[in-house]
Amino acid sequence: MRYVDIDDVRLHVRTDGDPARPCIVLSNSLGTDLSMWDPQAAVLARDYFVLRYDTRGHGLSRRGTMPVTLERLGRDVVGLLDALAIPRAHFCGISMGGMTGQWLGIHAPRRLDRLVLANTAARIGTHEGWTARAAQVRDGGMDGVADGAAARWFTPAFLAREPHVVARMIARLREQDAEGYAACCDALADADLRSAIGTIAVPTLIIAGAADPVTTVADAGWMRDRIPGACLAALAASHISSIEAAPQFAGALVSFLAG
């Protein structure tokens, strides 16, 4: 277990693999923690230095004192790289982490080698929807969100096939800090990169879940068409494709990172 202090926050991080190898940063989705990357970290650590972290307000990371914005989430990654003396890294983020990755591709491209944007969009949901969800968890805690999360995150087939995996993910969601979760909802409410995404010049892979109702294949295709040279891989999964289609997700990552 390791913690890194950046600006106003203490972030929980985990590293795997040889630090002399190229680094890849893995960024979690809303309501999860760095453990969601366990299947990919085990594969990637053979050839890469894997840096995982709990997004501020999630897992064992503090929420900090500054208002949470997408820029703040992006600057947290830059701060992590600075603190660990890593000049450049690959980056893979899913959902909210994918929006963080887009921000980095737009505003900090010199820190990136390759960029993977999974189950995400240049604009996720609506301002009203995220504001309502933030109010929901501030008023009633995490149970209301957790009760409906499984159906958003996974296909019915996966729910039936892997109930223990699903139960573990939902249990972690219930344990999340409600204010930290709400603060990230506030960030997503204002996050809209549609007018800037075309400036990303970093080699980019977009991963979509063919059955994802939250960030659709159409959303992924829209990004692919606007990020110069981007490629798209659609997996047989819903929103948390890194869990539901773990081997295929890892395979797409390894192939893309190898160039």
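This is a predicted model: local features need pLDDT of at least 70, side-chain atom pairs count only at pLDDT 80 or more; totals for chains, interfaces and linings use all residues.
Colleague: Fine. How many strands form the sheet, and in what order?
Modeller: Eight strands form an open sheet. The order is β1-β2-β4-β3-β5-β6-β7-β8, with mixed pairing.

Colleague: Which are the edge strands?
Modeller: β1 (2-6) and β8 (231-235). Each of these pairs on one side only.

Colleague: How much are neighbouring strands turned against each other?
Modeller: By 25° on average, with direction ignored.

Colleague: Let's take β3. Where is it, and how many of its residues are buried?
Modeller: β3 covers residues 23-27. Five of its five residues are buried.

Colleague: Which way do they point?
Modeller: C23, V25 and S27 point one way. I24 and L26 point the other way. Both sets are buried.

Colleague: What does β3 pair with?
Modeller: On one hand, β4 (residues 49-53), in the parallel sense, over five bridges. In that pair, C23 has F49 as its bridge partner, and S27 has Y53. β3 also pairs with β5 (residues 89-94), again in the parallel sense, over four bridges. There, L26 stands opposite C92.

Colleague: Back to β3 and β4, with their five bridges. What does the chain pass through from one to the other, and is the crossover right-handed or left-handed?
Modeller: The chain goes through helix α1 (residues 38-44). This β-α-β crossover is right-handed.

Colleague: Now the start of the chain. How do β1 and β2 run?
Modeller: They run antiparallel, joined by five bridges. V4 stands opposite L11 in β2.

Colleague: How many residues lie between the strands in that hairpin?
Modeller: Two. D7 takes a positive phi there, near 50°.

Colleague: And what about β2 with β4?
Modeller: Those run antiparallel, with four bridges.

Colleague: On to helices. Which strands does α2 lie across?
Modeller: α2 (residues 70-83) lies across β1, β2 (9-16), β3, β4 and β5. Its direction is at about 115° to β1.

Colleague: And which strands does α11 touch?
Modeller: α11 (residues 246-257) packs on the sheet and touches β3, β5, β6 (112-118), β7 (204-209) and β8. Its direction makes about 155° with that of β6.

Colleague: Stay with α2. What length does it reach?
Modeller: It has 14 residues and reaches 20 Å from its first C-alpha to its last. That is close to the 20 Å expected at 1.5 Å a residue.

Colleague: How many residues of α2 are buried?
Modeller: 10 of its 14 residues, so the helix is mostly covered by the count. Among them are L70, L73, V77 and L81. R72 and D76 are on the buried list as well.

Colleague: What follows α2?
Modeller: A85, with a positive phi near 55°.

Colleague: Last topic. Where is S242, and why does it count as buried?
Modeller: S242 is in helix α10 (residues 241-244). It counts as buried because its relative accessibility is 0%, and the cut-off for buried is under 20%.

Colleague: What does S242 touch?
Modeller: M36, W37, P39, Q40, I94 and F249. That leaves out residues up to four places away in sequence.

Note on methods: Residues are numbered from 1 along each chain as its sequence is written. Side-chain values use heavy atoms; hydrogens and water are left out. Buried means under 20% relative accessible area, exposed over 50%, partly exposed in between (1.4 Å probe, protein chains only). Two strands pair if DSSP finds at least two bridges between them. A crossover is right-handed if, with the strands pointing away from the viewer, the path from the first strand over the helix to the second runs clockwise. Axes are lines fitted to C-alpha atoms, for helices over the stretch in contact, and angles run from 0 to 180 degrees between N-to-C directions. Contact means heavy atoms within 4.5 Å. The expected span of a helix is 1.5 Å times one less than its number of residues.
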